[in-house]
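Morning, everyone. Please have a look at the model on the screen, and then I'll walk you through a few parts of it.

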Amino acid sequence: MRIHLVGGFLGSGKTTAIVGASALLIEKGVSVGVVTNDQGRSLVDTELIASAGIPATEVTGGCFCCNFPALQEMIGRLERGTRPGVIFAEPVGSCTDLIATVLNPLLASNPTGRQIGRLSVFADIRLLRQRLFNRPLPFSKDVQYVFDTQIEEAEILVLNKSDLLPPDAARETLQKAGERHPEKTLLLQSSLDARDLARWVDVVQRMTAARGTRPSPWTTTGTPAERWALPGMMLPWKSISPRTGERRLQSG
Ligand SMILES: Nc1nc2c(ncn2[C@@H]2O[C@H](COP(=O)(O)OP(=O)(O)O)[C@@H](O)[C@H]2O)c(=O)[nH]1
Ligand SMILES: [Mg+2]
C-alpha cells in the first residue's frame, strides 16, 4: 500500500486532484482510500470524496502535524477496512511542517507493506507567479510565511490551475520556479485535465517506488541534505519539457 501526502494552501486544488486521480486509479483496478483533515467540525472534503464513492476517513479537531497518532489510526482503519492499494492524505491548508511532523515519522514507523510517497505540494500558479516575480500577495505576512514554507518543503511542487494563465505566462512561471527550486520535481498542471492528473499519478507512484524507507532530507528551509538517488536515474534534472512542463530525468 502506498501513502501519498498532498499538501498546499486552501483552495490550491488538492481535493480536486485527489478525487480525479482516485478515479483514474480505480479505473486501472487500484483501490483507493483518502484521509482528510480539518480543524473545524464539518469536513466538506470528506463529503465530496465520499460522494465520489471513495472510502474516506478523517482527522478532525487538529492538523495531521499536531495529531500524528490520529492520522496513523485513520490510515490503519482504511488498511483494515477496504485495504486500498493507494491512500491519499490531505492535510489542512495551513500545515507547514509536514516533512518533519508527518512524512518522516510515517517513514520511521513504517509497518511492512507500506510505501510512503514523496510530499506533493499544490500551489495556485497565479499566486506562485506573483511570489516568484516579487509582486505582492493578497495576504498578511503570516499567511505569506505559510505559503512560502509549504513551497520550500515540497518534494513534488504542482503548479496547479495552469489553465487559468495564458500558456506563455504558465511556462514562464514554470521556468522561474525551476530556477528557484532546482532540486524539486515540478509539474505544470490543470487538475481539471485528466492527462495532467494521469501524469501526476504516474510521477507520485514512480517516485514512491524509488524512495524506499529513507527519511526525507528536505527541511522547511528548502535545503536538501543530500541529493536523491533514484534507481537508474541521477539528478540533477536534465530539462523541463516545454510541452508538458514535466522535468526530464537524466539517465544514470
Ligand atoms: N480552473 C481550475 N480550477 C481548479 C483546478 N483545481 C481545482 N480547481 C478549483 O479550485 C477550487 C478549490 O479546489 P479544492 O480541490 O477544493 O482545493 P483544496 O482546498 O486545495 O482542496 C474548486 O472550485 C476547484 O474546482 C484547476 O486545475 N483549474
Ligand atoms: Mg481540500
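Which residue in S4 does Thr36 stand opposite? Thr36 stands opposite Glu90.

Some ground rules. This is a predicted model: local features need pLDDT of at least 70, side-chain atom pairs count only at pLDDT 80 or more, and totals for chains, interfaces and linings use all residues. Residues are numbered from 1 along each chain as its sequence is written, while chains are lettered from A and ligands numbered from 1 in the order in which they are written.

Now the overall view. The chain has eight helices and ten strands. Helices (H or I, at least four residues) and strands (E, at least two) are DSSP runs, numbered from the N terminus. Of the 252 residues, 40% count as buried. Buried means that 20 or more other C-beta atoms lie within 10 Å of the residue's own; exposed means 12 or fewer; partly exposed is in between; C-beta atoms are placed from the backbone.

Back to strand S2, residues 32-38. Seven of its seven residues are buried, so S2 is largely enclosed by the rest of the structure. Val32, Val34, Thr36 and Asp38 point one way. Gly33, Val35 and Asn37 point the other way.

What does S2 pair with? Two strands pair if DSSP finds at least two bridges between them. Five bridges join S2 to strand S4, residues 86-90, and the two run parallel. Five bridges also link S2 to strand S3, residues 56-60, again in the parallel sense. Here Thr36 stands opposite Glu58.

Next, helix H7, residues 167-180. H7 has 14 residues and reaches 20 Å from its first C-alpha to its last. That is close to the 20 Å expected at 1.5 Å a residue, where the expected span is 1.5 Å times one less than the number of residues. Its buried residues are Ala170, Thr173, Leu174 and Ala177. Seen down the axis, they fall within an arc of 100°, so they line one face of H7. The arc is that of the directions from the helix axis to the C-beta atoms. The face turned away from that buried side carries the exposed residues Asp168 and Glu179.

Last stop: ligand 1. There are 17 residues around ligand 1, each near it, with a C-beta atom, placed from the backbone, within 6 Å. Gly13, Lys14, Thr15, Thr16 and Ser191 come nearest. Helix H1, residues 14-27, gives the most to this shell, with three residues.

That's my tour. Thank you.
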